[in-house]
Amino acid sequence: MMRSRKMRMGLSDRIFYICPTAAAVAALIMVLYPMYFIVIASFSNSTMVNQGMVTLIPRGINFYGYRKILERSDLWLGYRNTLFYTVVGTMLNLAVTLPAAYVLAQKKFKARRVVMTIFVITMYFGGGMVPTYMLVKSLHLTNSILTMIIMGAVSVYNVIIARTFFESSIPTELQEAAELDGCSHFRYFTSIVLPLSKAVISVITLYYAVGHWNDFFTALLYLNKDEYQPLQTILRNILISNQAMAGTTGAGEGSCAQQFADQIKFAVIIVSTVPVLCIYPFIQKYFEKGVMIGAVKG
Amino acid sequence: MARKMISAFRKDWQLWVMIAPALIYIIIFCYGPMYGIQLAFRKYDFSKGLTGGDWVGFKYFIQYFTSPMFWPTLRNTFVISFFSLICGFPAPILLALIVNALKQKKLKRVVQTAVYMPYFISTVVMVAILQILLSPSKGVLSGLLKNMHLVSQSTNLLGTPGAFVPVYVLSGIWQSAGWNSIIFIAALSSVDGQLYDAAKIDGADRWHQVMHVEIPALLPTIVILLIMNMGRILSVGFEKVFLMQNNLNLSVSEVISTYVFNVGVTSGQFSFGSAVGLFNTVVNFVFLLIVNKISKKAADISLM
């Protein structure tokens, strides 16, 4: 009697261990296969891709798509602009966010609650697209590089993540000792707090940097000039508005051009997305922590 | 009182310096537009500046409520976010339970790294991938679905209005279920091991442990996230809908935010656009408050 019950439980448990593994492998395939397909399609013969012959291994290997995008000056201009917006914008983000989070973590700071409330309200209520647009316009910030860097300078969500980290992971004894030694807030922040906060700094750096890299909305709303356009705008032109063969298409070569257009698109997707995908696994262990503290306390 | 404030400021001046940039940014770029909301109640006049136009009350709201675009935009926004919530909310929870049940550390790691990946793909690229994979003539995914007879041979998944919401929602799950599962995985990993042991002694198999240990452990997180999501029930991410829009699916894909962009920014009806946007914000806010109140009463969990 006892034995049979034990065996039954064992079986159900065993099923329960097989099921998640199978489900996890299925999820893995569903997530990875589309990306794998884009990679192999980017250097396979486009006719074979279109006929559904390229599924697991690349066929008719050629690098036409990649060769072609080397000639696209607009893509590289967008790349350069985005690199600039991302680097400078993220530096500004950090320079504004981290000190603010430090201050809001100070229990002795009298205005802490008021300032925090002012910040948090903006997470749930805002002026909306048109008033924001009108404001930026009246500040003469449209068609300016500055807009791409300033807009979104502070994300309250990231301030909360950093503040929670400062509160929970940096011992208060340190600050008390520093105060006794006559250490100012500036000094304490730069020489004690920041070096101890590599984890949270890498998390919010990643959030901000990915945000800048993938930002399409700001440019759509505030930028007209071609020479300032970020990568995502150029990608939209090439990928979605179908200008992959812009400038090289003659009237007669319609379908042929369209064929190569797809290969160019695959290559463009790879070239524009790989930088981001290469960075995040290194910071993964930190951002798991970051999401946790941000969401629980927010 | 004033002296007390001055002395407090003197003591804390360094802190004020450190918070000033963020505070100034928030006041200008978040509270500035809130002040600019009055645009919705005024007739915008270029010569009189942003808030100098004549007061017209609720004229632009009535104009929106009585316009033929009111129901379609409201319905489309609601339908898209409703299905995103209903289908998209359980997915990360399920994924977290699966990941948590994996025994092999290595597989667990690989699965986690892989499922986070799509989250980092930009919206532009995401929509482009959809267009390529679902292209009616040569898309790999649409071909597969047709071979499996899940969709009819003649369906254009990018242009059929009926396909817009499923494509939007499912691709959204593909892109963000992994990322959204992080918080649930973290909550599961903080479950006290003794609870599992106690459950085992009571004769609970793995399935019962999920139902009686893991789900209850996730519940507070689930409720909080549900409240926050309800506060966004009428805010559909602008970018993805905007990029997925085409002339064939406009009847289901014109949502409030894209409508605001079209009338408010592109065609320059600033007051009308502000009014539509404000309507959207207020509905969201009211939803948030109601759900927050309900959950406070029912489960004693709330945001504020």
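Biologist: Is the crossing of H11(B) and H15(B) left-handed or right-handed?

Modeller: The model is predicted, so read every value as computed. The crossing of these two helices, H11(B) and H15(B), is right-handed.

Biologist: At what angle do H11(B) and H15(B) pack, and how far apart are their axes?

Modeller: The angle is about 155°, and the axes of H11(B) and H15(B), residues 270-299 of chain B, lie 8 Å apart. H11(B) is therefore roughly antiparallel to H15(B), because angles over 145 degrees count that way.

Biologist: Which residues make the contact of H11(B) with H15(B)?

Modeller: H11(B) brings Val223(B), Ile227(B) and Met230(B). H15(B) answers with Phe287(B), Leu288(B), Val291(B), Asn292(B), Ser295(B) and Ala299(B). Sorted by class, this contact of H11(B) with H15(B) has seven nonpolar residues, two polar and no charged.

Biologist: Now a pair across the two chains. How do H5(A) and H2(B) pack?

Modeller: H5(A) and H2(B), residues 13-35 of chain B, pack at about 40°, with axes 11 Å apart. The two helices H5(A) and H2(B) are therefore oblique to each other. Their crossing, H5(A) with H2(B), is left-handed. Val115(A), Ile118(A), Phe119(A) and Thr122(A) of H5(A) meet Ile19(B), Leu23(B), Ile26(B) and Cys30(B) of H2(B). Seven of the residues in the contact of H5(A) with H2(B) are nonpolar, one is polar and no charged residue takes part.

Biologist: And within chain A, at what angle do H4(A) and H11(A) pack?

Modeller: The angle is about 140°, and the axes of H4(A) and H11(A), residues 198-213, are 9 Å apart. H4(A) passes H11(A) in a right-handed crossing. The H4(A) side includes Thr82(A), Tyr85(A), Gly89(A) and Asn93(A). Among the H11(A) residues they meet are Ile204(A), Tyr208(A), His212(A) and Trp213(A). The contact of H4(A) with H11(A) divides into six nonpolar, eight polar and no charged residues.

Biologist: Step back to the fold. How many helices and strands are there in chain A?

Modeller: Chain A has 14 helices and zero strands. Of its 298 residues, 39% count as buried. Sequence separation tells you how a chain folds back on itself. Among contacts in chain A between residues at least 6 apart in sequence, 73% join residues at least 24 apart.

Biologist: Which residues have the most contacts inside the largest nonpolar core?

Modeller: They are Ala100(A), Val159(A), Ala162(A) and Val268(A), in a core of 138 residues. Helix H9 of chain B, residues 161-189, gives the most to this core, with 11 residues. Take Val159(A). Beyond its neighbours within four places in sequence, Val159(A) is in contact with residues including Thr97(A), Ala100(A), Phe119(A) and Ala22(B).

Biologist: Turn to the loops. Where is His140(A) found?

Modeller: His140(A) is in the loop between H6 and H7 (145-150) of chain A. It has a positive phi of about 60° although it is not a glycine. With 13 other C-beta atoms within 10 Å, Asn143(A) is partly exposed.

Biologist: Is Asn247(B) buried or exposed?

Modeller: Asn247(B) is exposed, with 7 other C-beta atoms within 10 Å. It lies in the loop between H12 (238-244) and H13 (250-253) of chain B. Asn247(B) and Gly159(B) are 88 residues apart in sequence, yet 8.0 Å apart in space, C-alpha to C-alpha.

Key. Residues numbered from 1 in each chain as written. Chains lettered and ligands numbered in written order. Predicted model: local features only at pLDDT ≥ 70, side-chain atom pairs only at ≥ 80, totals over all residues. Helix = DSSP H or I, 4+ residues; strand = E, 2+ residues; numbered from the N terminus. Buried ≥ 20, exposed ≤ 12 C-beta atoms within 10 Å, placed from the backbone. Contact = placed C-beta atoms within 7 Å. Axes fitted to C-alpha atoms, helices over the stretch in contact; angles between N-to-C directions. Left-handed = near helix turned anticlockwise from the far one by under 90°. Nonpolar A, V, L, I, M, F, W, Y, C, P; charged D, E, K, R; others polar. Core = buried A, V, L, I, M, F, W, Y, C linked by C-beta atoms within 7 Å. Parallel < 35°, antiparallel > 145°, perpendicular 65-115°, else oblique.
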